[in-house]
Amino acid sequence: MGIYPFIGQVCVSNKRKIVDASYGLSTGFPSLDKLTGGLLPGKLIIIAACQGMGKVSFNCKIAKHIGIELEKSVLYIGAGLYDYPVTKSKKIVAEMARVPLLEDGPLAKDDQRSFEKALGRYYCSKIKLVTPSEFSVKSIRSIADQVCQENGLDLLIVEDLLGR
């Protein structure tokens, strides 16, 4: 079923708080942007759901949209970003290329070309994936400050703090 059908239910309570029609950063999900006003500076948004509901895919799609399509700086901090059979970076690139990403087996030739083209765009983007050696507010802040000094920082995604 995934997380997407529940977004509207969770965000309806925020709709009344939006008084200005101008948006923050677009998430790439027009219905979510309409309900929330986009990602506004200084606001904390928590995405919570049971395991297997699509939180990682949701975060990757937002990171891809903001980092690639809007050309903004994205810092994605998570536990074990490179430990999965399909890494977050591969999920972001597959989403960009609009190809299915399987954990086993090669891509079809056309999909492989699309994937390689998208991979070049990903490497030229300002998306940075980091797995810190320790998860603490201090370490996250330190990493965010460093990225902010290098590229600026438009979006910070922190994933799976409880999984550590």
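How far apart are the end C-alpha atoms of helix α6 (residues 137-151), and what should its 15 residues span?

I noted before starting that this is a predicted model, in which local features need pLDDT of at least 70, side-chain atom pairs count only at pLDDT 80 or more, and totals for chains, interfaces and linings use all residues. Residues are numbered from 1 along each chain as its sequence is written, and side-chain values use heavy atoms, with hydrogens and water left out.

**Helix α6.** I took helices as DSSP runs of H or I with at least four residues, and strands as E runs of at least two, numbered from the N terminus. At 1.5 Å a residue, counted for one less than the number of residues, α6 should span 21 Å, and its end C-alpha atoms are 21 Å apart, which agrees.

I then looked up which α6 residues are buried (under 20% relative accessible area; exposed is over 50%, partly exposed in between, with a 1.4 Å probe and protein chains only), and found Ser-139, Ile-140, Ile-143, Ala-144 and Val-147. Seen down the axis, they fall within an arc of 130 degrees (taken from the directions from the axis to the C-beta atoms), so they line one face of the helix. On the other side, Val-137, Lys-138, Arg-141 and Gln-149 are exposed. The cover over the buried residues includes β1, β2 and β3, where contact means heavy atoms within 4.5 Å. Gly-152 follows α6 with a positive phi, near 80 degrees.

**Cysteines.** I found 0 disulfides, meaning pairs of cysteine sulfur atoms within 2.5 Å. Cys-50 is exposed at 57% relative accessible area, and Cys-124 is exposed at 70%.
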